[in-house]
Amino acid sequence: FMYSFRNDYSEGAHPQVLQALTDTNLVQTCGYGVDPICEEARDLIRTVCAAPEADVHFLVGGTQTNLTVITALLASYEAVIAAHTGHVNCHETGAIEATGHKVCVETSPDGKVTPAMVEAVLARHDGSEHMVSPKMVYISDTTEIGTVYTKAELTALRHCCDEHGLLLFLDGARLGSALTSPESDLTLADLAALTDVFTIGGTKNGAMFGEAVVLTVPCPHFRWHIKQRGGMLAKGRLLGVQFQALLKDDLYFDIGRHANDMAFRLRDGFKALGYEFPVPSPSNQQFPVMKIQTAEKLAAMGFEFQVERVIDEEHIMYRFVTSWATPESAIDDLLNALAQCQ
């Protein structure tokens, strides 16, 4: 195919990450993430998050990370509150439910969770032993439809969680895109201050694989949960090496910003040709509406993208995702092909 806009993890890893892996390839360390390289990466994350007491762990993938965090922090009868579009609800094959925790969802027009949504879920649960007890609010930044949280929105959620004794968990699988979005005023330090646990996603922002979990709430046996859930990588240093490389000299943010810039170039080109975007996204996921025939022509010309949702018999909203590796030429080729399909 000419170019895939299906996701932001089709490529391997950023060259600086690959170089760091190569440079340390023959270094011998102990396993399971307790090596000096992972310790240095943990210290680096604590520093950039201004959270010297945070507990930092490295896991391989997002779903594995989400189910481990939720299992570790909740009792067996406790539940998670999420938007209906939330990753733990839609894209994890019931992984959270498989660990014994119900996901309580509320419909969200923009993919974000609000205090009012949390209150609505709580109002449906009577506090008796006959129902699960909501204990955690799960959010993602960016959301699954490309929107981002502001500091005011996250602060409001923090106050709501404090009022009701709830934990706040932010899934940062696309945190690089979120924090460099022009609509975001959040920093890593803000996330550490306002959430109980959040993740720094590597898989979708230049790493070969890997997510960093930052816990600001005590969970003394978190490593036991990682091991029990099959998440403890024997060659754990490979995770530490990658996060060291990504967080050095702001590389993580530079490549997140590039992904956004390419997405905006794509969006503006679509708009110039008259296409509409029902979901305004200030990040690296864009959702134009196209005629099905037009999309089929683009696909036949070698471009890959995904269906998001059906609009009507003739139109579908599609998802286009850009990455740290997307070149301007790929965007220009797509827009030129789109113009030919008009």
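Colleague: How many positive and negative side chains does the protein have, and how far apart do the centres of the two sets lie?

Modeller: In this predicted model, there are 25 positive and 43 negative side chains. The centres of the two sets lie 4 Å apart.

Colleague: What makes the radius of gyration agree with that of a compact globule?

Modeller: A compact globule of 342 residues would have a radius of gyration near 20 Å, and the protein has 20 Å, so the two agree. Along the principal axes, the C-alpha trace spans about 60 × 55 × 35 Å. Buried residues make up 56% of the 342 residues.

Colleague: Why is the aromatic pair of Phe-5 and Phe-320 called tilted?

Modeller: The count comes to 10 aromatic pairs. For Phe-5 and Phe-320, the centres are 6.0 Å apart, and a pair requires centres within 6.5 Å. Their planes make an angle of 55°; stacked needs under 30 degrees and edge-to-face over 60, so the pair is tilted.

Colleague: Which parts of the chain does this pair link?

Modeller: Phe-5 lies in the loop between strand E1 (3–4) and helix H1 (15–23), while Phe-320 belongs to strand E13 (residues 315–321). The two are 315 residues apart.

Colleague: Why are Phe-5 and Phe-320 called buried?

Modeller: Buried means under 20% relative accessible area. Phe-5 has 0%, so Phe-5 is buried; Phe-320, at 1%, therefore counts as buried too.

Colleague: What makes the pair of Tyr-252 and Phe-253 edge-to-face?

Modeller: The angle between their planes is 90°, and edge-to-face requires over 60 degrees, so the term applies. Their centres lie 5.6 Å apart. Both Tyr-252 and Phe-253 are buried.

How values were computed:
Residues numbered from 1 in each chain as written. Predicted model: local features only at pLDDT ≥ 70, side-chain atom pairs only at ≥ 80, totals over all residues. Heavy atoms only, no water. Rg over C-alpha atoms; globule rule 2.2 N^0.38 Å. Buried < 20%, exposed > 50% of the residue type's maximum accessible area, 1.4 Å probe, protein only. Lys, Arg positive; Asp, Glu negative; His and termini not counted. Charge placed at Lys NZ, Arg CZ, Asp CG, Glu CD. Helix = DSSP H or I, 4+ residues; strand = E, 2+ residues; numbered from the N terminus.
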